[in-house]
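Good morning, everyone. Please have the sequence and the model open while I go through them, as I will be naming residues throughout.

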Amino acid sequence: MLSIELGHFALILAFALSVVQVGVATYAWQRPNEGSFQFVRQASMLQFLLVLLSFAALSVAFVTSDFSLKLAYEHSHSLQPTLYKFTSVWGNHEGSMLLWVLILTLFGAAVAIGGSNLPKPTLNLVLGNQGFLAFAFIGFTLFTSNPFERLPEMPLEGRDLNPILQDVGLAIHPPLLYIGYVGFSVCFSFAVAALISGKIDGAWARWVRPWTMASWIFLTLGIAMGSYWAYYELGWGGWWFWDPVENASFMPWLTGTALLHSALVMEKRGALKIWTVLLAIITFSLSLLGTFLVRSGILTSVHSFATDPSRGLVILGMLTFFICGAFLLFAWRAPTLKAGGLFAPVSREAALVFNNLFLATATIAVLVGTLYPLVLDAFTGIKISVGAPFFDLTFGALMVPLLLVVPFGPFLPWKRASIAQASKRLFGAIVISFVLTVIVSAYLWEGFSLTPLGLLLGFWVIIGSLTDLVERSKLFKVAPSVSLRRLAGLPKNVWSTSLAHMGLGMTVLGVVFVMTYETETITTMEPGQQLETYGYSVRFIDEIDTAGPNFTSERATFAVAPIGSTEKTLSSEKRNYPARQMPTTEAGIKTFGLSQIYISIGDRVGENGRVVRIWTKPWILLIWLGAVVMSLAGAYSLTDRKYRIAAPNLAKKQQLGAAR
Amino acid sequence: MTRKQKRLAIIGSLSAIVLTAVVFIAIAMRGTASFFVVPSEIKSQSIALNQAVRLGGIVKSESWVKDGTSHNFLVTDCQVDIPVHYSGIVPDLFREGQEVIVEGSLVNNDLFEATNVLAKHDENYVPKDMVDKFEEKGLCPGHTDQASG
């Protein structure tokens, strides 16, 4: 059996190894030699194995309910199902830091293995920088948040995981999100390596792009999963709260999206070099900021486990060091970079600059709204809260021009383009989205509002994005079989661009639909009673007292259906977890097409009545489906052979150059 | 235009757009941010009617009256009590004698209409804004010690 001490020891070894790794990488930077390069690569892989061992040891202690481990005692319970015993490992501050470090070293090892085609000095600098990050974060985990602390006497029973976290969501959301967050460390390390060596060209963009894409895919899924989890678990029916912690994950997503687009310009046209490198630094800085906000305990939310404020200062110190260090390096080296190719104000490049401009400004809006209350409190003691109205207004307004331009992008050629020509090709999409908007708004008319504009944007982005596929396949112009063959033969990047943009449109449409047309009914119901609300019939069947492994529950069952269709049953619960004396609400949700009906129960009323809260959520699934489509499109583009083939060719060319 | 002038023109127009956006963000902030207050500040600072604020305090013992979905209770800081009305479902951990933050506004001098009620969501969670303010003003000394301890 793996002992806790073994895990602790492995983590200490990984820490020591990171020190050596940074030392050797620095030496190899000054005096390039094969032996040191090899050492740095192998150290990256070994470091991952050591952290993995340490993580495994901690997991074993949790799964076997070894309550002599303080962390397991505080956050687990012997009656929890095995899955939750395992996920309890990161359902707390110390364990989630270890997961963070595990993913950081995983990416280090992945670069060491996957980057064998990179020029060796570049790989050395990248891995050296990853080692430095590992040094800082393993050090932080060991010295301020050690998960391996033992209790002098072993308690008989643990104190249970926070019931809100006892859900399969905890198994999925944090790992996905962390892979996304921490994956951007690779982009950061590449940026720092490029600044140190002074070599930044199209090849750099091609190396960085797959890592950016992979991180972005996971971050997209992680955010979407977090949103869905909050939606069904918290029982408030909301899917996005503009909570500072959500914002902290959303900001790197925005700049990461910008980075994907600007790296494209750099790869294809050699322009926007300085900006792309800066974006790589900013994106990971925002990931670090997110880690700081969540892990320092300065925010109170579902995500902040009770933490010790002194840790916050340490993380703030690390954050300042890495961000300021990278920006200083940038300020020092960026002016030496040569500016890239020119382009006309209307061109593919310009459209991508437009994308970056609005994504960056939207990031500023979210950043201001998130940090301003903290800064104001720190300096003046005035406590304000900035909530959804601020973000809806600023972020929403900034998205309008961006979404209008999205479908144009693929229709604009590089260097010089014409808006008139692109509009002509998009004419069909413009007409169809207008007609759809008019039909839908008229059918669901609820008075004057901005809704039609939102609907138009959603339809426009979806249809406009698909137009590229339609046009290239000559759909409706040639025989369907020929079109299909043409579709199958389209380059992967055409498909992934179209689908990713379509996914964005789906999310926009879902958001607009839910924000405008959702309904909420609060009422009291008795078993057997039936009511009709906004097109749905709801029948309260019965209520029973029941129990789970570590909780008791009052479970109410309802039969629901859109009026006139077949009923489906759903159950909504109020649970009580005795280990923590904590009640939770489990909402009952049923899906009809893209729409959902969502029921939470409240207090008992009278003999056996209940307060019930019924939401209808039209087309809400589009919000998350859109994110899934975006991720799949990204994953499809990763399979492009270009990214695997171009790099070795380049490495060979450079070696040849060096041989000459 | 030379290459340099072109570049300057582009950078200039981009900066102009960003600046406009920042001004817009600042205006939106003034219009939408809501202040955090405790009950005694509502009386002493003359908070305007219908101005959105977040009110933090303790749900006064034996003050919670519920009628189906309608809830009336007093939020206190041991000096001033503010009557609050909320219609909806209060959070699972909403209890008398416990910290609460209500979002909403004063509808008249004697009633705070809440649009949202926030209570703790696990036993370690303490509404930080509230505890800080209570400590700073020395309100309900016993209570917050207990809450943060």
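What we have here is a predicted model, in which local features need pLDDT of at least 70 and side-chain atom pairs count only at pLDDT 80 or more, while totals for chains, interfaces and linings use all residues. Residues are numbered from 1 along each chain as its sequence is written, and chains are lettered from A and ligands numbered from 1 in the order in which they are written.

Chain B has 4 helices and 7 strands, where helices (H or I, at least four residues) and strands (E, at least two) are DSSP runs numbered from the N terminus. Read from the N terminus, its elements follow the order α-β-α-β-β-β-β-β-β-α-α. Of the 149 residues in chain B, 31% are buried, meaning that 20 or more other C-beta atoms, placed from the backbone, lie within 10 Å of the residue's own.

Turning to the contact between the chains, 34 residues of chain A and 31 residues of chain B take part, two residues being in contact if their C-beta atoms, placed from the backbone, lie within 7 Å. On the chain B side, α1 (3-32), β1 (34-37) and α3 (128-137) each supply at least two residues, and the largest share, 11 residues, comes from α1(B). That side of chain B divides into 16 nonpolar, 7 polar and 8 charged residues; here Ala, Val, Leu, Ile, Met, Phe, Trp, Tyr, Cys and Pro count as nonpolar, Asp, Glu, Lys and Arg as charged, and the others, Gly among them, as polar. Strand pairing also crosses between the chains, since β1(A), residues 384-385, is joined to β1(B) by 2 bridges in the antiparallel sense, and two strands pair if DSSP finds at least two bridges between them. Within that pairing, Ser385(A) stands opposite Ser34(B).

Which residues have the most contacts inside the largest nonpolar core? They are Val101(A), Cys187(A), Phe190(A), Ala191(A) and Ala280(A), in a core of 175 residues, a core being a set of buried Ala, Val, Leu, Ile, Met, Phe, Trp, Tyr and Cys residues joined through C-beta atoms within 7 Å. Helix α8(A), residues 202-233, gives the most to this core, with 19 residues. A second, separate core of 43 residues includes Val538(A), Val611(A), Val612(A) and Phe36(B).

Finally, the strands of chain A. β5(A), residues 551-562, and β6(A), residues 568-577, run antiparallel and are joined by 9 bridges; they form a hairpin with 5 residues between them, and Gly564(A) in the turn has a positive phi of about 95°. β6(A) is also joined, again antiparallel, to β7(A), residues 582-586, by 5 bridges.

Note on methods: A residue is buried if 20 or more other C-beta atoms lie within 10 Å of its own, exposed if 12 or fewer, and partly exposed in between; C-beta atoms are placed from the backbone.
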